[in-house]
Amino acid sequence: MNLAVIQQQEVICALATPSGVGAIGVIRVSGLGSIAMVNNIFKGKNLENVETHTVHFGTINAGDEIIDEVLVSVFKTPRSFTKEDSVEISCHGSDYIIRQILKALIVKGARMAKPGEFTQRAFLNGQFDLVQAEAVADLIAADSQASHKTALNQLRGGFSKKLASLRAELIHFASMIELELDFGEEDVEFAERDDLRRLIDALLATIEPLISSFDFGNAIKEGVPVAIIGSPNVGKSTLLNALLNEEKAIVTAIAGTTRDVIEDTIVLDGLKFRFIDTAGIRETTDVVESIGIERSKAAMDKADIVIFLFDSVETLAENRALAALLPAGKEVLFVLNKMDINPSLFDELSSNTSDILPISAHTQQNLAALTSKLVSLVHGQAAGDTVVTNLRHYEHLIKTSDSLTDVLNGLSLGVTGDFLAQDIRLALHHLGEITGTIVTDDLLDNIFSKFCIGK
């Protein structure tokens, strides 16, 4: 019996709600014998005789001493999150009460769960695949509508179904080629090469958009970085404060007030944005300001979207020169600030260009148009319903794509079936590593150690 199976025979327990004083705390218990164990310290109904998915009132006791009045939820195998017998104890949220209940369970033979161990058991017991297991952590961490929607789609198997379909089609051809190898001396072909080529083309057409979606998916998960760039005193800090609706950055009439990068997040239309206020870019001999300007340029390079803020023809020209240095494909917005002071400037500029958005950060005039534009730029990056947000998935999709491309190259060169089979096996291996069809203990430990304890 391997270690994973042995561990699942043990009863584990942990606090499933955040630590600290609260109205209630929920202690999760799971494993073979967990219902009997909790029943041993519970005074109320006999939990071993109750129906699954039922809740019971009583007390948790340590010997003759009552620790707390509780509600106990019973989940019998296989109809539980872990697919094992499980119990959840809802008690008052006192740290002392929670410690005493956990202590009582440990005295009866339970042990404290490791980070993510409940979800790991659910995966090992076939509740869901590895993509869905990882989505549990993403769902807990979701802090915007978009990240919640993406994690929920993965938890419900949207991404997994696509991968399973790809893998099933590839397995069919792999088996045909393997059959050819068994009859190698008879020089027969069970796998029609043209059909294989069409299948690989179709698989690549499905995988490539998934790979391309990673930048968008990562932005949804971590927040879209938006750098506010411009010359000193054009209103960058005022714009940041207006977007955040708080006095985050110091604003003065003195040029060069911002000496460092200031960052904060806001959710717009369900998407999280990370706005970065930067030091004004100009020639200076001030050592501290120079460091700030270098950090501004670094923030500009790393941002997905760059807002070039200007308030005069001269600062627009400077910003256009900076924008020309950015990598191709970077989203750029030229935003005219202080339109409340000089509205005629926009009329003058708009007659020659159409890519300028006028605002007043001070009065918040036209600020809604700016935020709407930012949201539309991000939505424009979406490649489809399924979005890749996990770096591990992204890396294996690239390796799958490389292996499939090698199959196509092999077909073009007319290589023998054993070489084709090797490349197909590699593609299947990488697809299997994503979903957990192929998995190692080290990989599981690495993934689930990042989960919170109690999940």
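**Sheets and helices in a predicted model**

Me: Across which strands does helix H9 lie?
Reply: Helix H9, residues 214-222, lies across E8 and strand E10 (271-277). H9 runs at about 80 degrees to E10. Please keep in mind that this is a predicted model.

Me: What order do the strands of that open sheet have?
Reply: The open sheet has six strands in the order E9-E10-E8-E11-E12-E13, and the pairing is mixed.

Me: Which are the edge strands?
Reply: They are strand E9 (262-268) and strand E13 (356-358), each of which pairs on one side only. From one strand to the next, the twist averages 30 degrees.

Me: And E8 with E11, parallel or antiparallel?
Reply: Strand E8 (residues 224-230) pairs with strand E11 (residues 305-310) in the parallel sense, over five bridges. Within E11, Ile307 stands opposite Ile228.

Me: Where does helix H12 lie?
Reply: Helix H12, residues 313-323, lies across E8, E11, strand E12 (331-336) and E13. Its direction is at about 160 degrees to E11.

Me: New topic. At what angle do H8 and H15 cross?
Reply: The axes of helix H8 (residues 193-212) and helix H15 (residues 391-413) cross at roughly 155 degrees and come within 10 Å. Angles over 145 degrees count as roughly antiparallel, so H8 is roughly antiparallel to H15.

Me: Is the crossing left-handed or right-handed?
Reply: H8 passes H15 in a left-handed crossing. Among the residues that make the contact are Leu196, Ile200 and Leu204 of H8, and Leu397, Leu404 and Leu411 of H15.

Me: How many residues of that contact are nonpolar, polar and charged?
Reply: The contact of H8 with H15 has 14 nonpolar, four polar and four charged residues.

Me: Now the hairpin. How many bridges join E4 to E5?
Reply: Nine bridges join E4 to strand E5 (residues 65-75), and the two strands run antiparallel. Ala62 has Glu65 in E5 as its bridge partner.

Me: Which residue in that hairpin takes a positive phi?
Reply: Gly63 does, with a phi near 70 degrees; the hairpin has two residues between the strands.

Me: What joins E3 to E4?
Reply: Strand E3 (residues 42-43) is joined by two bridges to strand E4 (residues 54-62), and these strands run antiparallel. Phe42 stands opposite Ile60 in E4.

Me: Last one: what is the mean pLDDT of the chain?
Reply: The mean pLDDT of the protein chain is 82, and 85% of its residues reach 70 or more. The pLDDT is below 50 over residues 1-7, a stretch with five contacts beyond near neighbours in sequence. Residues 249-260 also have a pLDDT below 50, with 34 such contacts in the model.

How values were computed: Residues are numbered from 1 along each chain as its sequence is written. This is a predicted model: local features need pLDDT of at least 70, side-chain atom pairs count only at pLDDT 80 or more; totals for chains, interfaces and linings use all residues. Side-chain values use heavy atoms; hydrogens and water are left out. Axes are lines fitted to C-alpha atoms, for helices over the stretch in contact, and angles run from 0 to 180 degrees between N-to-C directions. Helices (H or I, at least four residues) and strands (E, at least two) are DSSP runs, numbered from the N terminus. Angles under 35 degrees count as roughly parallel, over 145 as roughly antiparallel, 65 to 115 as roughly perpendicular and the rest as oblique. A crossing is left-handed if the near helix is turned anticlockwise from the far one by less than a right angle, and right-handed if clockwise. Contact means heavy atoms within 4.5 Å. Ala, Val, Leu, Ile, Met, Phe, Trp, Tyr, Cys and Pro count as nonpolar, Asp, Glu, Lys and Arg as charged, and the others, Gly among them, as polar. Two strands pair if DSSP finds at least two bridges between them. pLDDT is the predictor's confidence in each residue, from 0 to 100.
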